[in-house]
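Please look over the sequence and structure below.

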Amino acid sequence: MTEKIKLMSHLVAGYPTDDLAFRAAQALVSGGTSILEIQLPFSDPSADGPLIQTACTQVLARGYKVADGLAFISKIRKEFPHVTIYLMSYGSLIYTPGVANFCKKAAAAGVNGMIIPDLPFDHDEGLTENCRKNGMVNIPVAAPSMAEKRLDKLANAGFPYIYAALRTGITGRQTAISGSTLSFLEKVKSGGSKVYGGFGIYNGEQARSLASAVEAVVAGSVFVKIIAQNQNNPELMEKELTEKARELSNS
Amino acid sequence: MTASSDGFFGQYGGKYVTEVLRRPLDELQASFDFYMKDAAFLEELHVIQRDYIGRETPLCFAPRATELLGGAPIYIKLEGLANTGAHKINNAIGQCLLAKKMGKTRIIAETGAGQHGLATAAACAKLGLSCTVYMGEIDVRRQQPNVAAMELYGAKVQPVTSGSRTLKDAVNEAMRDWAANFEDTHYVLGSALGPAPFPDMVREFQAVIGKEVEKQCAERNIEIGAMVACVGGGSNSIGFFSPFLEKKEIRLVGAEAGGIGPGKGENASRMCGTAARDGILQGYKSRFLLDEDGQALPTRSISAGLDYCGIGPQLAALGRAGRIEFTSILDREALEAVSFFAKNEGILFALESAHAGAAAMKLAKEVPSGKAIIINMSGRGDKDVFITSPVFRPEAWGQFLRSEIERLDSNKDIHETTVLGGCLK
């Protein structure tokens, strides 16, 4: 398969510095990224593995606020008017300032959609509605361990997009793309939603075997790892991010 | 508000988790509902409670404390006499037995003071389950005796180095483990918080405390004026209060950690003071110490078990509704209470439970005469020797530690070690 694969690349806002995070975003886009998933650092990222967790802790230790994260997103929005931007974070940061208030600010910063895995799709504190009011989409996260009935309910709840976590557990460990992964994706799509598939995507082979089953392939920890390892060598960081994004997007 | 309605206690509670955790929680709910009506399960639990935990625990009259405080007669529920030294075993045994019925072979738990970890480690040893306990690195340091005991029970103690390295971070780490391993693993949450069904389940397994108090008071014609318990996440307090929630004539008082003062980061008071707000964290909606963005704020308390930024949703709801009163106790006041009850009653409170003791000391004169104050001594203070010794006997303690290190380094038997002289009185 030689076709370009739509790639959603994840990065942590402000990690390791505002400047380097911005350069990382540029490198990911020049490597063929179509969608940026930008994570706002939270003190208790319970769905994330050690890599992303450490990144978040490090950014917060600088006194980083949500406003700084939204300013970072605004800057990326201006630089890349055509890249889709999704904001990923946890319910606490959305609920505490008020869901309506938060969504308004996020939309103003240029966010197109929200991924908040600990606000359940059927009890989301008004997230879906407030996203809609502000021209964004709420993107719920499905997991392969979901009970049949619940997965069916999610697939038929009318969400334009669903993020499918391709295995149970937390972010960061490599996932094998198997027949059961593909049949899970079929179920997620069964109500007409488009599906983003990720969790443990590290190489082009995985991306290619997933590509035809999803709207976009999502990769996160692989990039965070490159950023973490090359904090002191920005040029190498950019080069490796671009190359990895090219590999995953087949471009 | 004696139980949740679909996981909610009024405005608080819920199941705010990723879909990965949804299935284990739903399965747990179903099994819990089933076994709590299963006579064979309840009988097995009862026998373990009687023969292994050592129930019922005594309700002890405190005559000198009563006289010295000059008010209501004071009774102490000696929950710290339960096997492993605290109330935590009630819930640990209940959940481990349930997990075994569900076919789980591995148990994980979080712990703050180490009492819940210790109880879970013991319950696993008793019931033949493998056990891993997540414990914040700071708590590992301040509660070494419990770490040592957990290892003796065969548990693996996993220090948590992320975030603030205390209880909250141990909960996150246990959640991560569970999300990856729920097929064979049960997560024994130790407090009446987290996503449903934990708040209901932990309360039910801890309600044995309150039910015994009810029975003991009826047998001895004790008329209760007020009941006092310390509140971290809230497992001992909600279990102690549970049968009395509808008896409005009885005052129910929760003692929170006042730490070193009212400032931000100086305490762990969620219901007193102005620092807390409604939030969603660690799977439930409740009152939390959060900043304006929703980030968890640092907390502080001399007692590891109360050093947590959230409170169980049922307690928060009952507090907001005015049914439970909350008061904040400073580290200093808790230490004074440890000393007061040790010297006058021969009862050594854990630092956590000493917050309840201190609150009762303040309350003694407010309760109408003839009506009793019942304090829940949720744990005993043996485990706190590394914290209380530097306060109560700093020099002798320092000398002991130095000589002990010297002895270990030189590999000497205790009989051959340096004579400490007359200072260890």
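## Contact between the chains

In this predicted model, 32 residues of chain A are in contact with 28 residues of chain B; contact requires C-beta atoms, placed from the backbone, within 7 Å. On the side of chain A that touches chain B, the elements giving two or more residues are helix 2 (50–60), helix 4 (91–95) and strand 6 (141–142) of chain A. Helices (H or I, at least four residues) and strands (E, at least two) are DSSP runs, numbered from the N terminus. Helix 4 of chain A gives the largest share, four residues.

By type, this side of chain A has 17 nonpolar, 11 polar and four charged residues. Ala, Val, Leu, Ile, Met, Phe, Trp, Tyr, Cys and Pro count as nonpolar, Asp, Glu, Lys and Arg as charged, and the others, Gly among them, as polar.

## Numbering and confidence

Residues are numbered from 1 along each chain as its sequence is written, while chains are lettered from A and ligands numbered from 1 in the order in which they are written. As the model is predicted, local features need pLDDT of at least 70 and side-chain atom pairs count only at pLDDT 80 or more, whereas totals for chains, interfaces and linings use all residues.

## The largest nonpolar core

The largest nonpolar core has 223 residues, of which A:M114, A:A164, A:V217 and B:V228 touch the most other members. Such a core is a set of buried Ala, Val, Leu, Ile, Met, Phe, Trp, Tyr and Cys residues joined through C-beta atoms within 7 Å; buried means 20 or more other C-beta atoms within 10 Å of a residue's own. Helix 13 (residues 351–363) of chain B supplies the largest share of this core, eight residues.

## Strands and sheets

In chain B, an open sheet of four strands runs in the order 7-6-5-8 with parallel pairing; strands pair if DSSP finds at least two bridges between them. Strand 7 (156–160) and strand 8 (185–188) of chain B each have a single partner strand, so one side of each lacks a neighbour in the sheet. Strand 5 (residues 106–111) of chain B pairs with strand 8 of chain B over four bridges, and B:R106 stands opposite B:T185.

In chain A, strand 1 (residues 7–12) and strand 2 pair in the parallel sense over six bridges, with A:I38 as the bridge partner of A:L11. Six of the seven residues of strand 2 (residues 33–39) of chain A are buried.

## Domains of chain B

An automatic or database assignment divides chain B into domain 1 (53–84 + 201–385) and domain 2 (398–423). Their C-alpha centres lie 39 Å apart.

Key. Two residues are in contact if their C-beta atoms, placed from the backbone, lie within 7 Å. A residue is buried if 20 or more other C-beta atoms lie within 10 Å of its own, exposed if 12 or fewer, and partly exposed in between; C-beta atoms are placed from the backbone.
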